[in-house]
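This report looks at pockets, a cavity, a helix contact and aromatic pairs, in that order.

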Amino acid sequence: MLDRTIAPSFGEIKNPEIQQAEVFSLSNGSHLSLINAGDQPVIKFEIVLDSGICHENLPGLSWITAKTLPEGTRVKSANQIAELFEYYGSFIEINPSFDNTSIAVYTPKKYFKEVIALLAEVLFKPSFNENEIEILKTNKIQQLKVNSEKTNFVASRKIRESLFGLNHSYGQFLSEDDVTKLNKSDIESYYLSSFYNAPQFYLSGSVDSSEIDIAKQYFDIDKAEINSFSKKNSLSESSKNIFVEKAESLQSSIRLGWQIPDKHHPDHFKLVLLNEILGGYFSSRLMKNLREDKGYTYGVHSYPVFLKQESFLIISADVIAENTQDAIGEIHKELNILKDTKVSDLELETVRNYMAGSFLSGVSSPFQLIEKFKSVNNHGLNYSYFDNFFQSLKTISSDDIIKTANQYLKTDDLHTVVVGKK
């Protein structure tokens with residue numbers, strides 16, 4: 001019988017050996033990355049295209065082109081497509097972003113061929129029905145109107161504007177006027193010239209050679225030619241302190257941000273560990289101060305964002321409006337402590353164990369395993385990144401944390417946005 005008076009044994013979490021993706025080169029120059037794992041007969045197939053905001057010549061083109069695809073093909077209506085996905089117990093996710101567009105389907109293994117055939121039809125034979133385009137535009141405009149009243153949405157948009165300026169893709173935002181101007185002719189032109197750009201394929205789940213052959217049958221084709229168009233981005237001057245008043249709001253949304261090095265930089269893992277201590281998990285310093293001690297907010301977080309052209313670190317909090325300045329003051333206090341005072345051995349060990357444990361919990365399914373691979377592959381890295389991560393967890397010291405905080409979280413480089421009340 002289990003003796004519950006005795007605590008279970010524990011030990012150091014060492015660098016785990018995770019299942020690595022197999023990468024196949026296709027005849028058209030693309031790559032198919034594969035994780036064959038899991039007990040359930042479910043498969044995810046994803047296509048990642050270099051056709052995000054950084055690749056469009058008009059605001060909103062990458063978004064509306066991607067979202068219009070399942071709204072009708074030359075032989076099927078939007079309803080017929082939706083009904084077929086439902087019949088096969090499958091669904092499609094389309095996510096346009098800054099650097100790329102992701103198109104993914106989740107499907108039972110037994111219907112993989114039928115769903116992949118449908119996906120290929122959606123991707124290669126869209127009708128770009130004008131009525132469906134107008135519905136998408138109307139819905140998007142309504143969404144923008146609603147979001148423009150949300151302090152957290154406006155704050156997240158404004159911190160990017162502050163960090164990169166309106167001349168950079170990462171600092172721009174889609175307006176109602178931009179959406180109104182989009183038309184079928186522009187969408188078709190973008191689709192033909194720039195949308196299906198440098199595709200990369202990711203297959204995960206209960207996969208065998210038959211699924212690989214089916215994927216090649218429909219996607220190892222000449223359409224994979226790489227289009228070199230990419231928007232020329234440059235950082236431009238923008239205010240480091242932005243305040244947007246929302247007089248009726250009961251809360252203020254605070255965003256603080258810095259530009260930081262990318263994943264290739266030698267200080268990358270020091271910054272990742274520093275961020276975790278500051279605000280990266282539920283027991284972080286910011287959470288203990290602003291939530292547990294002061295009661296200013298339900299949650300405060302810090303997190304790094306690594307995009308292809310730039311990387312940045314954000315502190316994010318939605319606070320009770322009358323506590324806005326006090327909350328900002330407490331954030332600065334915690335930053336100064338990190339710059340001046342060594343992290344205790346106990347706290348450092350706690351954070352190390354938490355990060356190692358979080359990594360392990362994030363590689364327990366085939367879909368998580370392929371996401372881990374994508375997180376390095378999309379930045380030109382490989383699995384040695386994870387070896388370096390675990391090695392860094394063991395070797396980064398309190399002195400390294402102080403040095404990193406002083407080097408990258410400088411007050412002079414800080415961008416601050418408040419939306420709500422001062």
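## Second largest pocket

About 700 Å³ of space lies in the second largest pocket, where a volume is the space filled by probe spheres set on grid points that are joined across faces, edges and corners. A pocket here is an open set of points on a 1 Å grid over the protein atoms alone, with protein on both sides within 12 Å along at least five of seven lines, and lining residues have an atom within 4 Å of a point. The model is predicted, with local features needing pLDDT of at least 70 and side-chain atom pairs pLDDT 80 or more, while totals for chains, interfaces and linings use all residues. Residues are numbered from 1 along each chain as its sequence is written, and side-chain values use heavy atoms, without hydrogens and water.

The lining comprises 25 residues, of which I53, F98, R160, F173 and L174 lie nearest the centre of this second largest pocket. Twelve of the lining residues are nonpolar, eight polar and five charged, where Ala, Val, Leu, Ile, Met, Phe, Trp, Tyr, Cys and Pro count as nonpolar, Asp, Glu, Lys and Arg as charged, and the others, Gly among them, as polar.

## Largest pocket

The largest pocket holds about 920 Å³ of space, and among its 32 lining residues K263, F306, K372, S375 and Y385 lie nearest its centre. Strand 9 gives the largest share of this lining, five residues; helices (H or I, at least four residues) and strands (E, at least two) are DSSP runs, numbered from the N terminus. By class, the lining of the largest pocket has 14 nonpolar, ten polar and eight charged residues.

## Cavity

The structure holds one cavity of 30 Å³ or more, a cavity being a set of points where a 1.4 Å probe fits but cannot get out. About 40 Å³ of space lies in the largest cavity, and helix 11 (residues 324-340) gives the most to its lining, with four residues.

## Aromatic pairs

Rings of Phe, Tyr and Trp (its six-membered ring) pair if their centres lie within 6.5 Å, with planes under 30 degrees apart counted as stacked, over 60 as edge-to-face and the rest as tilted; by this rule the count comes to 28 aromatic pairs. The rings of F201 and F219 have centres 5.6 Å apart and planes at 45°, so this pair is tilted. Because F201 lies in strand 6 (residues 200-205) and F219 in helix 8 (residues 209-219), the pair ties together parts that are 18 residues apart in sequence.
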